[in-house]
Amino acid sequence: MKKTFLICLFVIFILSVAVLSATADPIKVGINPDTKPFKYYDENGEFSGIDADVIKALAEELDLEIEFVEMKFEDIFESVASCEVDAAISALSKNENRSELVAFTDPYLMGQLSAFIRLKNDDYKDISDEDIDVIGSKIGTTAEIAGRDLAQKYNLAQKHYENYADLFAALENDEIDAALSDEFLAKEFVDSYADIMTVGQIISHEPYAIAVCPDNVELVQKLNEGLAALQLSGKLEEILLNNLMK
């Protein structure tokens, strides 16, 4: 009887250790650190910006351990859809097409997609201006999709770039006549070049959210609870303001 009791205790101990190990696994979060103020490397080589701060604050709020996985932007949705990573945060616009691939949390910020030109061309009134022949966008973004529609509508050529630095350098070097980008994401380059401005009306408003493995409904619910708590406490607004004012 005593031997049987000890065996049972041993089995319970092993199972407890297994459960603790499983729950201790870090949440793998995909990120593409290529531009301020959302996601970039700081002077210490750490992920910084709105996205990094939001996910770190969520981890603290929900008592989760996270592990950043750096990847190309165009690989993010495939990695989340296949659950190679548990989630991803990289200024990801939540829309109907993407929602068919991954699950999304509630939005943490509303962005706006616009067209950018150089000041010397301030006589341009809109993306449909007859002097605009070539537009550019970052690969894999909603700007690229919007660019395809605009290119077809106004008979424009379209160029694609792997990151925002290359996109805005192309605009500055007159390789393209207009760049399509979210206004928050363009802030770093508008500040750097000083001769870049928006043109015409906002193309679209886009909610930014965290993409989550579609099989992990529990994680979506947890993150939504965390976002609600951060919003209620004012922490979310603090993160956004701190990064946008830099």
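How many of the residues of strand S8 (residues 134-138) are buried? In this predicted model, 5 of the 5 are, so S8 is largely enclosed by the rest of the structure.

S8 has a strand partner in S9 (residues 157-161), to which it runs parallel with 5 bridges between them. Within this pair, Ile-135 has Gln-158 of S9 as its bridge partner. The two strands are also part of a right-handed β-α-β unit, in which helix H5 (residues 142-154) is the helical element. S8 pairs with strand S10 (residues 178-182) as well, again in the parallel sense, over 2 bridges. Here Gly-136 stands opposite Ala-179 of S10.

**The five-stranded sheet**

Now let us step back to the sheet that holds S8. It is an open sheet of 5 strands in the order S9-S8-S10-S7-S11, and its pairing is mixed. S9 and S11 (196-208) are the edge strands, each pairing on one side only. From one strand to the next, the twist averages 25 degrees.

An antiparallel pairing is found between S7 (residues 109-118) and S11, with 9 bridges.

Helix H6 (residues 164-172) lies across S7, S8, S9, S10 and S11, and runs at about 150 degrees to S10. Helix H7 (residues 183-193) lies across S7, S10 and S11, at about 40 degrees to S7.

**Strand S1 and its partners**

Elsewhere in the chain, strand S1 (residues 27-31) also deserves a look. Of its 5 residues, 4 are buried, so S1 too is largely enclosed by the rest of the structure. S1 runs parallel to strand S4 (residues 66-70), joined by 5 bridges, and parallel to strand S5 (residues 87-88), joined by 2 bridges. Val-29 takes part in both pairings: its bridge partner in S4 is Phe-68, and its bridge partner in S5 is Ala-87.

| Strand pair | Sense | Bridges |
|---|---|---|
| S8 and S9 | parallel | 5 bridges |
| S8 and S10 | parallel | 2 bridges |
| S7 and S11 | antiparallel | 9 bridges |
| S1 and S4 | parallel | 5 bridges |
| S1 and S5 | parallel | 2 bridges |

**A pair of packed helices**

Two packed helices are described by the angle between their axes and the distance between the axes. For helix H2 (residues 50-62) and helix H9 (residues 235-244), the angle is about 155 degrees and the axes are 9 Å apart. Angles over 145 degrees count as roughly antiparallel, and H2 and H9 are therefore roughly antiparallel to each other. The crossing of H2 past H9 is right-handed. From H2, the contact is made by Ile-50, Asp-53, Val-54 and Ala-57, while H9 brings Lys-235, Leu-236, Ile-239, Leu-240, Asn-243 and Leu-244.

**The chain as a whole**

Finally, the wider view. The protein chain has 9 helices and 12 strands. Of its 246 residues, 45% are buried. Among contacts with a separation of 6 or more, 72% are between residues 24 or more positions apart.

Note on methods:
Residues numbered from 1 in each chain as written. Predicted model: local features only at pLDDT ≥ 70, side-chain atom pairs only at ≥ 80, totals over all residues. Heavy atoms only, no water. Buried < 20%, exposed > 50% of the residue type's maximum accessible area, 1.4 Å probe, protein only. Pairing = 2+ DSSP bridges. Right-handed = clockwise from strand over helix to strand, strands pointing away. Axes fitted to C-alpha atoms, helices over the stretch in contact; angles between N-to-C directions. Parallel < 35°, antiparallel > 145°, perpendicular 65-115°, else oblique. Left-handed = near helix turned anticlockwise from the far one by under 90°. Contact = heavy atoms within 4.5 Å.
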